[in-house]
2 protein chains.
Amino acid sequence: MHHKVTQESPIGIFDSGIGGLTVVKAIRAALPSERIIYFGDTARVPYGTKSQITIRKYAADNTNILMRYQPKMIIVACNTVSALALDVVEKSCNGIPVIGVLKAGAELAVQVTKNNRIGVIGTQATICSNAYARSIYLLNPNTQVISQACPLFVPLAEEGFIDHPATKLIGHQYLAEIRKQNIDTLVLGCTHYPILRGVIEETVGSDIRIIDSAEAVALKTKELLAESDLLNPVENTFAPHLLVSDLPQKFSTIYQLFMGTELPDVELVEV
Amino acid sequence: MHHKVTQESPIGIFDSGIGGLTVVKAIRAALPSERIIYFGDTARVPYGTKSQITIRKYAADNTNILMRYQPKMIIVACNTVSALALDVVEKSCNGIPVIGVLKAGAELAVQVTKNNRIGVIGTQATICSNAYARSIYLLNPNTQVISQACPLFVPLAEEGFIDHPATKLIGHQYLAEIRKQNIDTLVLGCTHYPILRGVIEETVGSDIRIIDSAEAVALKTKELLAESDLLNPVENTFAPHLLVSDLPQKFSTIYQLFMGTELPDVELVEV
């Protein structure tokens, strides 16, 4: 049995670091009345270059941190955890619903593709897990998935090299093969990648539909809360409650820039 | 009181990940009879973007892991820990000697500079700590230090983008200011950077003397062991004992490529 869940309970969201803020932004746009509790594991970021065993341990830790705040659901904003450890989150959260960015992005891609050829880019761990391809295949066995790991995109995004010639060179190298494969849809399988959306669009061409998993997960969250009669009817004036495992001030600055708000309070928690 | 130290005790070396292998290589070249125990904290790499509090906690954990093997000394192969937490290592190791790459590199730079203008490149945490400048200034107050953080060099080196046009572009951007400053010596203040030495040399010009802290630390280790009568007189035929906190197979492959040996055994330890 899970803790008492009410319409006013918060939505818990976690990510390995700052990338999940794209999900916070999409949730606030789609569901402005919802309370949000966010945890970014900035002491152990990045996850995408680490092993499944380590990622599964971190996924359990992060879920336990969010559970202290008795959320009504959990969103896994980290593609790597969605790919390799969603079951760990489900086992650690006493039966409240869990949505991962991966499945949400896969579902939207399958809905919008016309030629059933879908590209997926992500971290080494996400791509090697083959979880996107498997998830898309389960939704529509006639779909072809072309995958490509882009390991340098996360550090380039974190350094703010958004429109830098080096980012373009690296982007062209990573995406050259995918461009040849006649895809009509490309899933950004890492929450950092929307930050580099400009370079990615320029490289693959404007005729390819880009799927941002953050937007997909916000749509799915709205549906799920409506179905379970768990949408918050009370207008919420609280800013998201922000927790990180390291460098709260740096996170606060990035949050302010990214969300266009006042500098928020960010709480440090130990992992 | 420390554990029983003998001439045949191993040298303990730790780093945040694979970068410290440049130190292992230099120690094996300078001191082929010494036994080595190496720990790479691959579950929590990188350190250079994290806070002092977190780095100090990790430094204590890593020292405790090496202490189980009763080393005769500890080498901190991680510049970030050398800059921000060397005292933590010293407090956790019961009085055995500790050498950090930072001080070794600073000493060698002060010895070789002719015009007393020294450049230092490193991670954000190392450069922001100002530890190189402080250390160099203590050795010679007439020296000018010009510092530059190069945060993308670690991921570029880890991805093997050693001679890539993007690495050259990023290198030129990072090193443009340093080139104008009339330095005659440049300290590679991060153990990953020797991997990108080609690009760095090409960018700053061949008239600048590059200081590789790994070589500096090997020289200093040899001196210290000789002074304390702790050099191993017995010829050692053991390969280094390798420990990591994640992805032992990946580490094994990188070790093989980097050291030009057989594929070694690598042990997984929990942090």
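User: Is Lys91(B) buried or exposed?
Analyst: In this predicted model, Lys91(B) lies in helix α4 of chain B, which spans residues 86–92. Exposed residues are those over 50% relative accessible area. Because the relative accessibility of Lys91(B) is 67%, the residue counts as exposed.

User: How far apart in space are Lys91(B) and Tyr193(B), C-alpha to C-alpha?
Analyst: Along the sequence of chain B, Lys91(B) and Tyr193(B) are separated by 102 residues. In space, taken from C-alpha to C-alpha, the separation between Lys91(B) and Tyr193(B) is 29 Å.

User: How many residue pairs are in polar contact across the interface of chain B and chain A?
Analyst: The contact between the chains involves 29 residues of chain B and 29 residues of chain A. Salt bridges between chain B and chain A number 0, whereas the residue pairs in polar contact, with both residues at pLDDT 80 or more, number 12.

User: Which helix gives the most residues to the side of chain B that touches chain A?
Analyst: On the side of chain B that touches chain A, at least two residues each come from α2 (52–67), α8 (153–158) and α9 (165–179). That side has 15 nonpolar, 7 polar and 7 charged residues. The most, with 6 residues, is given by α9(B).

Notes: Residues are numbered from 1 along each chain as its sequence is written. Chains are lettered from A and ligands numbered from 1 in the order in which they are written. This is a predicted model: local features need pLDDT of at least 70, side-chain atom pairs count only at pLDDT 80 or more; totals for chains, interfaces and linings use all residues. Side-chain values use heavy atoms; hydrogens and water are left out. Helices (H or I, at least four residues) and strands (E, at least two) are DSSP runs, numbered from the N terminus. Buried means under 20% relative accessible area, exposed over 50%, partly exposed in between (1.4 Å probe, protein chains only). Contact means heavy atoms within 4.5 Å. A salt bridge is a side-chain nitrogen of Lys or Arg within 4 Å of a carboxyl oxygen of Asp or Glu. A polar contact is a pair of N or O atoms within 3.5 Å; within protein, one must be able to donate a hydrogen and the other to accept it, and residues adjacent in sequence count only if both atoms are side-chain atoms. Ala, Val, Leu, Ile, Met, Phe, Trp, Tyr, Cys and Pro count as nonpolar, Asp, Glu, Lys and Arg as charged, and the others, Gly among them, as polar.
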